[in-house]
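Here are my notes on the model you sent over, as numbered points. Have the structure open while you go through them.

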Amino acid sequence: MIASTDLRNGVTFLRNGQPYKVIKYSLMKVGRGGATVRLDARNLETGANEHISYSSNIKVDEVSTQKRRLQYLYKTEGLASSAYNDGSVASFMDPQSFDQIEIPISVIKDELPYIKEGDSADILFWSDPPAGEASKPLSIVIAPKVVLKVAKTDPGVKGNSVSNIYKPAELENGLQVKVPLFINEGEKIRVDTRTGAYIERAQ
């Protein structure tokens, strides 16, 4: 069991028999009464984002997970099968068995942009799903910070070292971010994978 106050960003838990991942956590205190935990959480089966509230003294079931290192192959676009799953999947391969595993992009849309084709990635599987169901891939484990190249942005301002004025930029993974004026195309920057925000120029 997990205390609701421990449901911080990235933590997985069970709700109504389905696995969820916390995207955003906040604790609200009202007067002298108890506190309320408010979550933005993603259903890891449907990809749907939901707003969930718990009393601070509530405990929820945890998801038993198993980590496997797989190689990311490619992603494919598909036909919509539901409001939350358009049929698009990311294909991974087990380097030991060569088995291919498909994960709905709707479930891993926040993490996938930080994984390049051919890279290895740690995938969390639901190791104890309901009876009769196979172990399911739930999410990608990524570093909190990654280095990416700036693909497009306006020319840097020579001699400008001010870091509180920003301009738009597109990174090699297609991510749109705001970067300081002194950043040029072709430079590498460090990005926070939890927020998608610029951190610093990478050396």
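1. Ground rules for strands. Two strands pair here if DSSP finds at least two bridges between them. Helices (H or I, at least four residues) and strands (E, at least two) are DSSP runs, numbered from the N terminus. With that settled, strand S7 (residues 65–76) pairs with strand S10 (residues 120–126) in the antiparallel sense, over 7 bridges. If you want one place to look, Gln 71 has Ser 120 of S10 as its bridge partner.

2. What you're looking at. This is a predicted model, so local features need pLDDT of at least 70 and side-chain atom pairs count only at pLDDT 80 or more, while totals for chains, interfaces and linings use all residues. Residues are numbered from 1 along each chain as its sequence is written, and side-chain values use heavy atoms, with hydrogens and water left out.

3. Confidence. pLDDT is the predictor's confidence in each residue, from 0 to 100. The protein averages 84, and 89% of its residues reach 70 or more. The stretch to watch is residues 80–84, where pLDDT stays under 50. The model has 8 contacts beyond four places in sequence for that stretch, a contact being heavy atoms within 4.5 Å. Where pLDDT is low, the predicted coordinates should not be read in detail.

4. The sheet around S7 and S10. Both strands belong to an open sheet of 5 strands, ordered S9-S8-S7-S10-S11, with antiparallel pairing. Strand S9 (100–104) and strand S11 (136–141) are the edge strands, each pairing on one side only. From one strand to the next the twist averages 45°; axes are lines fitted to C-alpha atoms, for helices over the stretch in contact, and angles run from 0 to 180 degrees between N-to-C directions. As background, strands of a sheet pair through backbone hydrogen bonds, either parallel or antiparallel.

5. Salt bridges, starting with Arg 42. The count over the whole structure is 7, where a salt bridge is a side-chain nitrogen of Lys or Arg within 4 Å of a carboxyl oxygen of Asp or Glu. One of them joins Arg 42 to Asp 110, with the closest N and O atoms 2.8 Å apart. Arg 42 sits in strand S4 (residues 35–43) and Asp 110 in the loop between helix H1 (105–108) and S10, so the pair ties together parts 68 residues apart in sequence. Arg 42 is buried, at 3% relative accessible area, whereas Asp 110 is partly exposed at 36%. Buried means under 20% relative accessible area, exposed over 50%, and partly exposed in between (1.4 Å probe, protein chains only).

6. Two further salt bridges. Arg 68 and Asp 94 form one, with the closest N and O atoms 2.8 Å apart. Arg 68 is in strand S7 and Asp 94 in the loop between strand S8 (89–93) and S9, so parts 26 residues apart in sequence are tied together. Here Arg 68 is partly exposed at 26% and Asp 94 is buried at 12%. Arg 201 and Glu 187 also meet through their side chains in a salt bridge (2.8 Å, N to O). Arg 201 lies in strand S16 (residues 197–201) and Glu 187 in the loop between S14 and S15, so this pair ties together parts 14 residues apart in sequence. Arg 201 is partly exposed, at 32% relative accessibility.

7. What does the side chain of Asn 43 make polar contacts with? Its partners include the side chains of Gln 18, at 2.9 Å, and Tyr 20, at 3.4 Å. A polar contact is a pair of N or O atoms within 3.5 Å; within protein, one must be able to donate a hydrogen and the other to accept it, and residues adjacent in sequence count only if both atoms are side-chain atoms. Asn 43 is found in strand S4 and is buried, with a relative accessible area of 2%. Not counting residues up to four places away in sequence, Asn 43 touches Gln 18, Pro 19, Tyr 20, Ala 48 and Glu 50.

8. A loop residue, Ser 64. Ser 64 lies in the loop between strand S6 (59–60) and S7 and is partly exposed at 36%. Ser 64 and Ser 127 are 63 residues apart in sequence but 5.6 Å apart in space, C-alpha to C-alpha.
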